[in-house]
Amino acid sequence: MAKRTRGQAQSAWWTGIAALGALALYTGTWRLWALTVLVWCMYELCFCPTRCGVATRDGDPCRNGARGRLYACTNVAGHQQLKTDALWHLPGRRGSLARLRPRYGHGAPSHRKTTSPPSSSEQGYVEPNQRIMAYLAVVCVFAIVIQTAVGLAVL
């Protein structure tokens, strides 16, 4: 069996999302609309091909590939933590959520590959369109969960 290319995988996701949307439109049920939106959110947050976006030492964003708007590249240790910090740092908000950040090498999750903090010259940066799409997907997840709870309570 041939290996799928990135374009084929992306087309398969969008075809599936469009098919769910068409089915939801045909049946007119809110449950299928909720499923369609949740599948789109999962694709945007975890699977869509995008760029890392962490600012490098010379100030340019890292252009290594990443899967999903929540994730950074795996080529450079520490980029995931920097991107996570950048996403937690809301636009216009000062400071970061340091209380949520584990110390490097002390109690860090086993999936995190880094054991030393990223250099102080690197900073987390997420391109504005990626940040907007990530926040939109998260807001949609919360909206669908609330809508589902209300819809099921009415039954």
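Val-154 counts as exposed because its relative accessibility is 68% (exposed means over 50% relative accessible area, buried under 20%, with a 1.4 Å probe and protein chains only). This residue lies in helix 4, residues 128-154 (helices are DSSP runs of H or I with at least four residues, strands are E runs of at least two, and both are numbered from the N terminus). Together with Ile-146 and Val-150, Val-154 makes a nonpolar surface patch of about 320 Å². Patch residues have over 30% relative accessible area and no salt bridge, and nonpolar side chains are joined within 5 Å. A salt bridge places a side-chain nitrogen of Lys or Arg within 4 Å of a carboxyl oxygen of Asp or Glu. Areas come from the Shrake-Rupley method.

The model is predicted; local features need pLDDT of at least 70, side-chain atom pairs count only at pLDDT 80 or more, and totals for chains, interfaces and linings use all residues. Residues are numbered from 1 along each chain, and side-chain values use heavy atoms, without hydrogens and water.

The protein has four helices and two strands. Their order along the sequence is α-α-β-β-α-α. Of the 155 residues, 30% are buried.

Helix 1 spans residues 6-27. Its buried residues are Ala-9, Ile-17, Leu-20, Gly-21 and Ala-24. They sit on the same side of helix 1 because they cover an arc of only 110° around the axis (the arc is taken from the directions from the helix axis to the C-beta atoms). These buried residues pack against helix 2 (30-47), with contact meaning heavy atoms within 4.5 Å. Thr-15, Leu-25 and Tyr-26 are exposed on the other side of helix 1. Gly-28 follows helix 1 and has a positive phi, near 75°.

Conventions. Patch = residues over 30% accessible without salt bridge, like charges linked within 9 Å, V, L, I, M, F, W, Y side chains within 5 Å. Areas by Shrake-Rupley, 256 points an atom, 1.4 Å probe, with all protein chains shown as cover. Expected span 1.5 Å × (residues − 1).
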